[in-house]
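Here is a guided walk through a protein model, from the overall fold to a few local details. Please keep the viewer open as you read.

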Amino acid sequence: MDARRRILCEHCGTFAELGDRVWPAPKPPQDSNSDAEASSAWLHFACAETVGLTGQRPLCKHWSRRGRCQFGDSCAFSHDVEAPQLDFPGHAATSWPHDVPQPLPASGGRRRRPAVKKVSRASALRRLLIDELGGVDALRAGRGVLDVAGGGGELSFELLNLNGVPSTCVDPRPLGLRRALRTWEKGFHWFNPVWRHWNGMRPQDIDGQLPQPKL
């Protein structure tokens with residue numbers, strides 16, 4: 001697959017630039033140079049071939065935990081839960097005992113109601129507003145959106161920067177946009193084409209980086 005952002009190759013220590021061919025690999029444990037929140041490492045495709053990782057893709061954590069993945073067939077990871085786990089060269093095996101989908105109770109069991117993770121509820125609400133209130137143009141009408149009790153301001157941040165909708169957040173608490181800024185800087189909003197209807201196209205990079213968002 002092609003790199004969707006500038007990312008460090010865990011094998012050679014140089015950066016893969018946007019559009020370079022890359023390959024996923026298990027994240028080396030206790031690697032201080034890696035993204036602490038990432039669950040996988042990335043290598044140049046040539047580096048992955050050198051260490052013998054291209055024969056099997058790592059297991060997709062979303063597919064293994066929930067039996068579904070929003071990337072579908074375009075996912076860079078494997079959707080075969082029976083596939084053997086790969087080890088990053090030079091490191092001990094990594095096990096994810098919680099990654100096997102759990103079956104429903106044998107009798108009288110009910111599935112839990114699908115829940116939106118707290119960290120993504122602003123995005124879910126934004127998509128709902130666009131779909132139910134007549135689209136982006138309707139939201140841009142007048143003075144935009146007034147987000148009362150908007151918490152850290154994630155909804156207003158996304159409306160303004162992804163959809164060009166003027167939005168004002170009213171809340172006694174200070175803004176908390178650390179996660180929103182990280183998501184923007186890493187380009188996560190444009191990784192999956194399925195979100196293009198609500199997130200639009202990725203902005204043009206400036207000197208290899210996304211333009212600064214509006215606050």
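This is a predicted model: local features need pLDDT of at least 70, side-chain atom pairs count only at pLDDT 80 or more; totals for chains, interfaces and linings use all residues.

Residues are numbered from 1 along each chain as its sequence is written, and side-chain values use heavy atoms, with hydrogens and water left out.

The protein has 7 helices and 6 strands; helices (H or I, at least four residues) and strands (E, at least two) are DSSP runs, numbered from the N terminus. Along the sequence, their order is β-β-β-β-α-α-α-α-β-α-β-α-α. Of its 215 residues, 35% count as buried, where buried means under 20% relative accessible area, exposed over 50%, and partly exposed in between (1.4 Å probe, protein chains only). Contacts (heavy atoms within 4.5 Å) also tell you about the fold: among those with a separation of 6 or more, 47% join residues 24 or more positions apart.

Now for the interior. In soluble globular proteins, nonpolar side chains tend to be buried together. A nonpolar core here is a set of buried Ala, Val, Leu, Ile, Met, Phe, Trp, Tyr and Cys residues joined through side-chain atoms within 4.5 Å. The largest one has 10 residues: Ala3, Ile7, Ala16, Val22, Trp42, Cys60, Cys69, Cys75, Ala76 and Phe77. Apart from that core lies another, of 9 residues, including Ile130, Leu155, Leu159 and Val165.

Where does helix H5 sit, enclosed or open? Helix H5 (residues 154–163) has 8 of its 10 residues buried, so it is largely enclosed by the rest of the structure. Its buried residues, among them Leu155, Phe157, Leu159 and Leu162, pack against helices H3 (121–132), H4 (136–140), H6 (178–185) and H7 (196–199), as well as strands E5 (145–148) and E6 (167–170). Just after H5, glycine 164 takes a positive phi of about 65 degrees.
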